[in-house]
Amino acid sequence: MTLRAVSIGLLALCSTAVIAEQAGGPPRLPPGMAPGYLALDAVPDSAALLPPAPAKGSGTEARDKAAAKAALSAHSTPRWTFAASDADLFSPKATGALSCAAGFEISPQTTPKLDKLLRRTIIDFGFATYRAKQKFNRDRPFETNKRPICTPDQDAMLRKDGSYPSGHSAIGFGWGLVLAGLVPDRATVLVARGRAFGESRRFCNVHWQSDVEEGRVVAAAVYARLQADAAYQADLAAVREELAGQRQAPARDCAAEASALAGG
């Protein structure tokens, strides 16, 4: 399956699942999508977990618009560049986003078991946002302000996918939590990098601040649920053994990353 096909599949996941539930059946993955650790009907229900999306004219919406306006000033800066990089969830480099925070290179070649675990949790963290996305169907910032996004090739797909809450934020923050448990001496910087991963969506002009914040809440709920999953725990144990061996230094320019992310 190509990168574009996988991206379309994940964004189509929400509507596919809703169709299945409306028909009286369980939610299901689109054809060709590998499963996560949790059964789709067992992931935390974001529609029940989260408050409604900010109402028009509310103080929260005003805060979101102010944050979106501020983020637009980062267009064409290093922060914008890193935001575009953080948008990647499916290339071989995707799981390496938190390498600097972890203190070692994360990739299919250097840490294959960890890479596999993180990729599998994409479905768990991302899918858990779908019920709220479908319930509130919030427009994205670029649909309102008509300004560019950092991944223009995803414009059409994003317009079909509700903005609240952010799936990328749930995935990035979830990865930060997973890695913090594996590398506890770097927990602070890992959770902070997972937070910044979600903030990248605001700098990309594809999510509002509250979308990003509530994505973290979904991530926390999913992470808690994963602790009771036997397959996840078995893979986690295998990853701990893998990380006990020799680790390679991050291939990314960590100083440049830190400088770019310092602004938000």
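In which loop is the place of P165? P165 is located in the loop between α9 and α10, with helices taken as DSSP runs (H or I, at least four residues; strands, E, at least two) numbered from the N terminus. The peptide bond leading from Y164 into P165 is cis, with omega near -5°.

The model is a predicted one, in which local features need pLDDT of at least 70, side-chain atom pairs count only at pLDDT 80 or more, and totals for chains, interfaces and linings use all residues. Residues are numbered from 1 along each chain as its sequence is written, and side-chain values use heavy atoms, with hydrogens and water left out.

The protein chain contains 14 helices and 0 strands. Of its 264 residues, 53% are buried, where buried denotes under 20% relative accessible area, exposed over 50%, and partly exposed the range in between (1.4 Å probe, protein chains only). Among contacts in the protein chain with a separation of 6 or more, 80% come from residues 24 or more positions apart; a contact is defined by heavy atoms within 4.5 Å.

Helices α6 (residues 112–127) and α13 (residues 230–243) pack with their axes 8 Å apart and at an angle of about 150°. Axes are lines fitted to C-alpha atoms, for helices over the stretch in contact, and angles between N-to-C directions run from 0 to 180 degrees. The crossing of α6 past α13 is left-handed, that is, the near helix is turned anticlockwise from the far one by less than a right angle, clockwise being right-handed. On the α6 side the contact involves P112, K113, L114, L117, R120 and T121, which meet Y232, D235, L236, A238, V239, E242 and L243 of α13. The residues of this contact comprise 8 nonpolar, 1 polar and 4 charged, with Ala, Val, Leu, Ile, Met, Phe, Trp, Tyr, Cys and Pro taken as nonpolar, Asp, Glu, Lys and Arg as charged, and the others, Gly among them, as polar. R120 also lies over the face of Y37, at 4.0 Å from the ring centre; the criterion is NZ of Lys or CZ of Arg within 6 Å of the ring centre and within 35 degrees of the ring normal. The charged end of R202 is likewise placed over the ring of F203, 4.8 Å from its centre.

The structure has 4 aromatic pairs, defined by rings of Phe, Tyr and Trp (its six-membered ring) with centres within 6.5 Å, and classed as stacked for planes under 30 degrees apart, edge-to-face over 60 and tilted for the rest. One of them joins F127 and Y130 in a tilted arrangement, 4.3 Å centre to centre with 35° between the planes. Both F127 and Y130 are buried. For F136 and Y164, the ring centres are 5.5 Å apart and the planes stand at 80°, so this pair is edge-to-face. The partners are 28 residues apart, F136 in helix α7 (residues 130–136) and Y164 in the loop between α9 (155–159) and α10 (167–182). Y164 is buried, its relative accessible area being 1%.

Two non-glycine residues with positive phi are described here. S76 has a phi of about 70° and lies in the loop between α3 (59–72) and α4 (78–86). N205 also has a phi of about 70°, in the loop between α11 (187–203) and α12 (209–226). S76 is exposed at 58% relative accessibility, whereas N205 is buried at 1%.
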